[in-house]
Amino acid sequence: MSACQYINIKPGRVGGVSVAKQIHDHALEKGVPCWIGGMLSSSIGAHSDIALAMLPNMSYPADIFPSAKFYETDLGSTPVELQHVEGQGPSVVARASAPEPEPALLERMTKQHAEVVAPRGPAT
């Protein structure tokens, strides 16, 4: 039917990075170009969006912004920033891969903590 011209994949809405990659792969197989939408706007989430935006079928500009636009204090150790690229204008730049949460900041900002333990033994 050719009803779909492109797909905007938002990892935070589709079930995470793995599902976003599956959607990308299916769209690539069907010849439908994609782009990454935001919603994972902390530096940790934005870095995963940037990784997805580098996939071969991501044909449109990504919807990724500097983490400082949304967070006064970001839990990630490496911010996502804007950098002016000659001839291209502002571009989002990730300075490192897979940022880690800052442990002291994470502890200070945690409001509640819960531990989930899987039952041991054979599943019934």
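Helix H2 covers residues 17–30, which makes 14 residues. From the first C-alpha to the last, H2 reaches 20 Å, close to the 20 Å expected at 1.5 Å a residue. The expected span is 1.5 Å times one less than the number of residues. Helices here are DSSP runs of H or I with at least four residues, strands are runs of E with at least two, and both are numbered from the N terminus.

A word on the source. This is a predicted model, in which local features need pLDDT of at least 70 and side-chain atom pairs count only at pLDDT 80 or more, while totals for chains, interfaces and linings use all residues. Residues are numbered from 1 along each chain as its sequence is written, and side-chain values use heavy atoms, with hydrogens and water left out.

Back to H2. Which residues of H2 are buried? They are Ala20, His24 and Ala27. Seen down the axis of H2, these buried residues fall within an arc of 70°, so they line one face of the helix. The arc is taken from the directions from the helix axis to the C-beta atoms. Buried means under 20% relative accessible area, exposed means over 50%, and partly exposed is in between, with a 1.4 Å probe and protein chains only. On the other side of H2, the exposed residues are Ser18, Gln22, Glu29 and Lys30.

What covers the buried residues of H2? The cover includes strand E1 (7–9), helix H1 (11–14), strand E2 (34–36) and helix H3 (43–53). The loop between H3 and E3 holds Asn57. Asn57 counts as buried because its relative accessibility is 8%. Leaving out residues up to four places away in sequence, Asn57 touches His24, Ala27, Leu28, Val32, Pro33 and Cys34. Contact means heavy atoms within 4.5 Å.

Next, the salt bridge. The rule asks for a side-chain nitrogen of Lys or Arg within 4 Å of a carboxyl oxygen of Asp or Glu. By this rule the count is one salt bridge. The side chains of Asp25 and Lys21 form it, at 2.8 Å from N to O. Both residues lie in H2, four residues apart, about one turn of the helix. Asp25 is partly exposed at 32% relative accessibility, and Lys21 is partly exposed at 33%.

Also in H2 is Val19, which is partly exposed with a relative accessible area of 28%. The C-alpha atoms of Val19 and Ile9 are 9.6 Å apart, and the two residues are ten apart along the chain. After H2 comes Gly31, with a positive phi near 75°.

Now the surface. Phe65, Phe70 and Tyr71 make a nonpolar patch of about 290 Å². Tyr71 sits in the loop between H3 and strand E3 (80–85) and is partly exposed at 36% relative accessibility. Patches take residues with over 30% relative accessible area and no salt bridge; like charges are joined within 9 Å, and nonpolar side chains (Val, Leu, Ile, Met, Phe, Trp, Tyr) within 5 Å. Areas come from the Shrake-Rupley method with a 1.4 Å probe, and for residues only the protein chains shown count as cover.

Last, the whole chain. It has four helices and four strands, in the order β-α-α-β-α-β-β-α from the N terminus on. Of its 124 residues, 29% are buried. Among contacts between residues at least 6 apart in sequence, 64% join residues at least 24 apart. The accessible surface of the chain is about 9000 Å², and 55% of that belongs to carbon and sulfur atoms.
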